[in-house]
Amino acid sequence: MIIVNNVIDIEKLNLWYGDNQALIDVSMPVERNKVTALIGPSGCGKSTLLRSINRMNDLIDNCKIEGNMMFNGEDIYDSKTDVIKVRKKIGMIFQKPNPFPMSIRDNITYGPKIHGVTDRNELEKIVEDSLKGAALWEEVKDRLDKSAMTLSGGQQQRLCIARTLSVSPEVILMDEPTSALDPIATSKIEDLMIELVKKYTVVIVTHNMQQAARISDRTGFMYLGELVEFDDTEKIFEKPSMELTDRYISGRFG
Amino acid sequence: MKRFLEDLDNLVKNTNDMAALVLSMVERSVYSLENVDRDVANSVVEDYSQVDYLDGVIEEDALRILMLYQPMVSDMRVVAVILKVITYMERIGKYSYNIAKGALFLADRGLKHAYRHVTDMGHIAIDMVRMVVETALDKDLSHFDTISDKDQEMDFLRNKVISSSVDYMTKDPGCIDVCTYFISISKFYERIGDHACKSAEKLTYMINGKRVTYN
């Protein structure tokens with residue numbers, strides 16, 4: 001018997017923005033406790049695919065979706081699915097750090113409070129655990145009431161990761177999380193990702209090939225809305241099956 | 001990107017040139033043994049410094065490409081394999097140099113031609129190195145179909161050279177110095193064959209990404 005340990009199974013997903021088809025028959029597994037990377041040239045659909053995993057595309061007019069997006073065996077796009085719950089379980093980190101204009105502590109407690117946590121001690125524990133989980137605790141523990149805006153770019157991004165962790169997600173989606181950061185901050189986020197997958201599952205969109213090669217276990221290469229190739233990261237970056245993948249990764253186009 | 005492709009093309013071209021030079025040295029080493037030709041032997045001796053120079057230059061260029069462009073997928077395989085293959089080629093060049101020195105010694109001793117099994121080994125070495133040079137140019141891996149057989153033939157002949165030489169030396173101690181040279185030269189050809197096999201393995205990886213063993 002094959003034991004399948006996929007958190008997410010994307011099955012024949014098609015997505016249109018109006019008349020423009022942005023995703024074509026995309027099928028891809030996302031394995032638990034692994035980093036899955038999506039690469040491809042701008043406009044290939046990788047961010048669209050990432051955003052469709054936690055229904056961020058719901059917010060876009062004229063967006064139509066067909067196919068299945070199975071999360072722990074349940075279709076995320078089923079009419080009975082609670083979108084808020086989906087987004088709690090599947091968090092998202094964006095290219096530009098977007099902390100709320102409030103204190104570091106309030107950034108972390110914002111989510112849990114919305115989800116009904118009111119106990120002060122419990123909230124304090126969430127703040128500490130989340131900041132530790134995002135490798136930020138030691139840097140900010142003495143100034144939790146200072147504005148999040150006083151943090152550096154790299155710290156802000158880790159704060160956003162901590163904010164995602166505060167609501168105990170299973171999956172963390174990252175859309176080019178380090179492209180606005182300097183090399184040292186980038187390296188800290190990469191180290192953090194390797195730690196995060198011990199407890200969570202990470203899907204990352206990145207334009208940095210070396211980054212995808214360094215941190216991911218599986219890599220999908222997308223082009224013109226299609227998933228051209230999906231395989232072990234080592235294989236994709238050493239000897240991909242498709243000529244197109246080789247040409248893209250080696251910088252021949254895109 | 002344009003600069004990277006130019007640099008990579010140059011790297012490949014220089015490596016192919018180096019391999020062609022090394023092949024020519026192996027060929028000339030065999031000719032100098034068969035015909036006891038001092039001029040040809042001297043030309044091999046002289047060419048080694050060029051091989052040594054190319055080994056250094058290509059290595060520097062390859063490292064610079066790694067530093068500047070961090071090549072990936074097939075480009076990464078090309079650069080990584082070149083870094084390995086130039087070392088094998090430099091060694092083959094050095095063995096050809098040693099064989100040519102041996103040919104010069106045999107000429108000094110007034111020999112008319114070298115022991116046949118030794119030159120047979122030389123011809124196999126030429127075939128094997130040529131397979132590497134041609135595959136590097138046309139990427140046709142079928143050149144390597146018989147390289148393992150050639151390597152075994154080489155081992156077989158090497159044992160023959162050793163046993164015959166021991167026989168001769170036992171019968172006539174006066175030929176000990178000449179026979180010792182034959183044993184050394186047979187060792188050098190056997191090593192050239194080994195390095196050609198290793199180069200063939202690396203080229204296979206460069207071309208199709210598969211790791212194979214030839215011996």
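Figure 1. Apart from neighbours within four places in sequence, Val129(B) is in contact with Val22(B), Leu23(B), Val26(B), Ile92(B), Ile192(B) and Ala196(B); two residues are in contact if their C-beta atoms, placed from the backbone, lie within 7 Å. The model is predicted: local features need pLDDT of at least 70, side-chain atom pairs count only at pLDDT 80 or more, and totals for chains, interfaces and linings use all residues. Residues are numbered from 1 along each chain as its sequence is written, while chains are lettered from A and ligands numbered from 1 in the order in which they are written. The largest nonpolar core has 133 residues, of which Val22(B), Val26(B) and Val129(B) touch the most other members. Such a core is a set of buried Ala, Val, Leu, Ile, Met, Phe, Trp, Tyr and Cys residues joined through C-beta atoms within 7 Å. A residue is buried if 20 or more other C-beta atoms lie within 10 Å of its own. Helix 3 (residues 73-108) of chain B gives the most to this core, with 17 residues. In soluble globular proteins, nonpolar side chains tend to be buried together.

**Figure 2. The helices of chain B.** Chain B has 6 helices and 0 strands. Helices (H or I, at least four residues) and strands (E, at least two) are DSSP runs, numbered from the N terminus. Buried residues make up 44% of the 215 residues in chain B, and the C-alpha atoms fill a box of roughly 65 × 30 × 20 Å along the principal axes.

**Figure 3. The six-stranded sheet of chain A.** Six strands of chain A form an open sheet in the order 6-7-8-3-9-10, with mixed pairing; two strands pair if DSSP finds at least two bridges between them. Strand 6 (90-93) and strand 10 are the edge strands, each pairing on one side only. Strand 6 and strand 7 (residues 171-175) of chain A pair in the parallel sense over 4 bridges, and Ile93(A) has Met174(A) in strand 7 as its bridge partner. Helix 1 (residues 46-53) of chain A packs on this sheet, touching strand 3 (35-39), strand 6, strand 7, strand 8 (201-205) and strand 9, and its direction makes about 150 degrees with that of strand 8. Axes are lines fitted to C-alpha atoms, for helices over the stretch in contact, and angles run from 0 to 180 degrees between N-to-C directions.

**Figure 4. The hairpin of strands 9 and 10 in chain A.** Strand 9 (residues 218-223) and strand 10 (residues 226-232) of chain A run antiparallel and are joined by 6 bridges. Arg218(A) has Asp232(A) in strand 10 as its bridge partner. The hairpin has 2 residues between its strands, and Leu224(A) in the turn has a positive phi of about 50 degrees.

**Figure 5. The four-stranded sheet of chain A.** This open sheet has the strand order 2-1-4-5 and antiparallel pairing. Strand 2 (20-31) and strand 5 (74-75) of chain A stand at the edges with a single partner strand each, so one side of each is left without a neighbour in the sheet. Strand 1 (residues 6-17) of chain A is joined to strand 2 by 8 bridges, and Leu13(A) has Val26(A) in strand 2 as its bridge partner.

**Figure 6. The contact between chain A and chain B.** Chain B gives 8 residues to the contact and chain A gives 10 residues. The side of chain B that touches chain A has 4 nonpolar, 3 polar and 1 charged residues. Here Ala, Val, Leu, Ile, Met, Phe, Trp, Tyr, Cys and Pro count as nonpolar, Asp, Glu, Lys and Arg as charged, and the others, Gly among them, as polar.

Note on methods:
Buried ≥ 20, exposed ≤ 12 C-beta atoms within 10 Å, placed from the backbone.
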